[in-house]
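Grab a pencil and get the viewer open. Below are some exercises, each with a solution you can follow step by step.

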Amino acid sequence: MIDNVYKFQGQTFKPKLLPRFGCNFIQAYEARTKNSSDIWISVFEKETEYHKTFSDFDIDVRKAQAYIEDVAKDKAVICTIGFNSYLHAVFITATLLCQKTLFLLNPNENHEFYSNQTEQLDKPSFAFYDPLLNISIENSAAFSLPETLKPSSLHVLKTRWSTEFIYVNTSGSTGQSKIVRQSEVAVMSNVAALSEIHQLDPKSSIATCLPLFHVNALEFSF
C-alpha cells in the first residue's frame with residue numbers, strides 16, 4: 001500500500017472507505033436494524049433451507065446478549081467453540097455488542113488445547129461449548145431466556161474503538177498455534193476493503209464455506 005492505493009490482481013484502486021471508516025461495530029449494527037425486513041441469513045440443515053430476516057436474527061441476538069451479560073458479566077473475553085450454525089452467528093454478534101473480546105476456537109481441537117489457549121490470556125474468559133451453539137435451527141426456539149433478562153443499551157455516544165476486538169488462532173501448520181489479536185478498527189477496515197475489492201453491496205449474498213472461526217470467513221460475514 002502506497003498513499004492508500006492498493007494493488008489487487010493487477011488492478012489499482014483507492015478505497016473510498018479507508019482510512020475514513022467512521023463507525024464502529026455497534027454503530028454499524030444499529031444502522032442495519034433500520035432496514036430489517038429482508039432475508040438476512042439462510043441455513044441449510046438436512047436438505048432443508050431455513051430463512052431468517054434481520055428482525056428474527058436481532059431478536060435472538062438480544063436474547064444472547066442478555067444471557068452473556070447475565071452469566072459472564074465479569075468476563076472480558078468470550079470464547080465460542082462451534083461450527084457454522086445459526087446460533088453461533090448469533091453468539092458472535094451478541095458478544096461484540098456486549099463490547100467483550102471475541103475469541104473464536106476451533107471445535108475440532110481437544111480440551112487440552114482450549115486450556116492451553118485460555119491460559120495465555122491475561123483477562124478472565126468464559127466459553128460457550130456445544131451443543132448450545134450448534135443446536136439445530138428447527139429447535140432454535142428452545143433457546144429461551146427469562147423475560148426479566150434484558151440486554152443493556154447498545155447506544156454509544158461517540159465512536160470508540162476496541163483495541164482487543166477479536167482473538168483468532170493461527171493454523172499451527174508450521175508450529176504451535178498462536179493467538180492473533182485484532183483491533184476493532186483493523187477488522188472494520190478489512191471489512192470495508194473486502195466490500196470494495198469484491199464490489200459487495202447490501203444486495204450481495206455470501207455463501208460462507210469456511211468455518212466462522214476462520215478470520216477470513218468471519219470478516220466476509222461481517
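Predicted model: local features only at pLDDT ≥ 70, side-chain atom pairs only at ≥ 80, totals over all residues.

Residues are numbered from 1 along each chain as its sequence is written, and side-chain values use heavy atoms, with hydrogens and water left out.

**Exercise 1.** Find the element that holds Thr101, and work out whether Thr101 is buried or exposed.

*Solution.* 
- Step 1: Thr101 sits in strand β6, residues 101-105. Strands (E, at least two residues) and helices (H or I, at least four) are DSSP runs, numbered from the N terminus.
- Step 2: Thr101 has 5% relative accessibility, so it counts as buried. Buried means under 20% relative accessible area, exposed over 50%, and partly exposed in between (1.4 Å probe, protein chains only).
- Step 3: Leaving aside residues up to four places away in sequence, Thr101 touches several others, among them Ala76, Val77, Thr95 and Phe165. Touching here is a contact, with heavy atoms within 4.5 Å.

**Exercise 2.** Sort the residues of β6 by the way they point.

*Solution.* 
- Step 1: In a regular strand, side chains alternate between the two faces of the sheet.
- Step 2: Thr101, Phe103 and Leu105 go one way, while Leu102 and Leu104 go the other.
- Step 3: Five of the five residues of β6 are buried, so the strand is largely enclosed by the rest of the structure.

**Exercise 3.** Which strands pair with β6?

*Solution.* 
- Step 1: Strand β5 (residues 77-81) pairs with β6 in the parallel sense over five bridges. Two strands pair if DSSP finds at least two bridges between them.
- Step 2: Across that pairing, Thr80 stands opposite Leu104.
- Step 3: β8 runs parallel to β6 too, joined by two bridges, and here Phe103 stands opposite Tyr167.

**Exercise 4.** What lines the second largest pocket, and how do the residues of its lining divide?

*Solution.* 
- Step 1: The second largest pocket is lined by 15 residues, and Asn169, Thr170, Ser171, Phe213 and His214 lie nearest its centre. On a 1 Å grid over the protein atoms alone, a pocket is an open set of points where a 1.4 Å probe fits, with protein on both sides within 12 Å along at least five of seven lines; lining residues have an atom within 4 Å of a point.
- Step 2: β6 and β8 (166-169) are the elements that give two or more residues to this lining.
- Step 3: The lining divides into eight nonpolar, six polar and one charged. Ala, Val, Leu, Ile, Met, Phe, Trp, Tyr, Cys and Pro count as nonpolar, Asp, Glu, Lys and Arg as charged, and the others, Gly among them, as polar.
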